[in-house]
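Reader: I would like to learn how to read a sheet in a model. Can we work through one together?

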Amino acid sequence: MNDWPDGWSGDRGNANGRGYGRGSSGAPPEGARVMRHVQRPAPPQHGGVPPQQSRGYDEGSDQQAYDSGYNTGQVYGGQGGNGGQGGDGVPPQGQPYPGHAPNWRRRLKIGSLTLVVVLLAVTIGTYFWADSKLKREVDLSKVIERPGAGEGTNYLIVGSDSRDGMSAEEKKKLHTGSAEGKRTDSMMILHDGSNGPTLISLPRDSDVEIPSFVGSESGKTFPAKGRHTKLNAAYAEDGPELLVRTVEHNTGLRIDHYVEIGFAGFANIVDAIGGVEIDIPKAFKDKNSGADFQAGKQTLDGEQSLAFVRTRYAFAGSDLDRTKNQQKFLAALASQTATPGTILNPFKLYPTMGAGLDTLIVDKDMSLWSLGQMFFAMKGVTGGGGTSMNMPISGSSGGNLVWDKAKVKQLVQQLKNDEKVTVTSDR
């Protein structure tokens, strides 16, 4: 039997099927057998695997012809040429391809990782932004004859009457006056240790001895002359370095860090957080500071807050009563600032940090971490585990307040050993 083109069997004819034999008119010769052409199936398009090939017979012939099974619809496991799922590797309309369902676990991991990276970048950026704003202008290495270090950390916190950067209108509004230079309106030692924070106010009128010191600008050594004066005079004479030297000499307590804030910075911080709520037990008024307060709970803005912490002439205890108000206010300020509403709200956090950091003057070794610890220790003073007090006073001399030496010695020893403070101030 002759070999025929694929799909053909029977007598020879033209490849195009138009005739049989040479010179044919296109009709098959009489008696010739007509064979059916069987079309080969197309190869699978979606990875299907054709079933075992079957063979069929020509109609009316004993010659075998290739049959793919297409004319019965049994192709690649399908149920009809255009039928069910998997017939041609294409799923029914509206259904996803097998293996292409969303991988939610992977998406969750990627989303979480992205969030962590963004938060880390924001945190690092905020840290360096805030760190760049600190004014590290106080060099404690210039302080001579320092006491030995004890347990815990001691901060000297100073509120100055600096008017730097304030316009004439601001000075008038805040009742600051227009005096040149700057002096200290408040001084406090904050001890942060394992037995809770202790905040000790140092009245500006405290009687102290000015010790030998090295000039912060000149570098010249000034010997001790046994001279006694008010504590705030040390700051006015040679700035923060002499103030630290004088506090250390008269207490025997080493100061680890120095923090100072001026009038404008104090008022700006209060305004940035939307005011500070405080309870004033008794109404008072003072034309010198601009204070005019009724009794009861109230929210003070920056201007009112500055008047509140500066007032002294309206109280019988003068500077001692003022220091109590200063402690009360600063604790309230720290407590109301260190809240989720401020820390987690960038529209409050950044203005607050900007207002405070722009006006803070600190020592050269102060880090943002140390500053943050100081801030939360200040908040802890009113949290139940802290103590606030004045430096113990025994009397006065020439208008100066004289410290109780025995109590001061005991207090300093407890702070150095980071013990629970049991010393109290009688006034």
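Author: We will take the sheet, its pairings and its cover in turn. Keep in mind that this is a predicted model.

Reader: What holds the strands of a sheet together?

Author: Strands pair through backbone hydrogen bonds, in a parallel or antiparallel sense. Here, seven strands make an open sheet with mixed pairing, in the order β3-β16-β11-β4-β5-β6-β17.

Reader: Which strands stand at the edges?

Author: β3 (135-138) and β17 (387-390) do. Each has a single partner strand, so one side of each lacks a neighbour in the sheet. From one strand to the next, the twist averages 25°.

Reader: How many bridges join β4 to β11?

Author: Five, and the two strands run parallel. Take Val158: its bridge partner in β11 is Glu260. On to β16 (residues 360-363), which pairs with β11 over three bridges in the antiparallel sense. There, Val259 has Val362 as its bridge partner.

Reader: In which sense do β5 and β6 run?

Author: Antiparallel, with four bridges between β5 (residues 184-192) and β6 (residues 198-201). His191 is bridged to Thr198 of β6.

Reader: Back to β11: are its residues buried or exposed?

Author: Check each face of a strand separately. In β11 (residues 257-261), five of five residues are buried. His257, Val259 and Ile261 cover one side, and Tyr258 and Glu260 lie on the other; all are buried.

Reader: Which strands does helix α3 lie across?

Author: Helix α3 (residues 231-251) lies across β3, β4, β5 and β11. Its angle to β5 is about 10°.

Key. Residues numbered from 1 in each chain as written. Predicted model: local features only at pLDDT ≥ 70, side-chain atom pairs only at ≥ 80, totals over all residues. Heavy atoms only, no water. Buried < 20%, exposed > 50% of the residue type's maximum accessible area, 1.4 Å probe, protein only. Pairing = 2+ DSSP bridges. Axes fitted to C-alpha atoms, helices over the stretch in contact; angles between N-to-C directions. Contact = heavy atoms within 4.5 Å.
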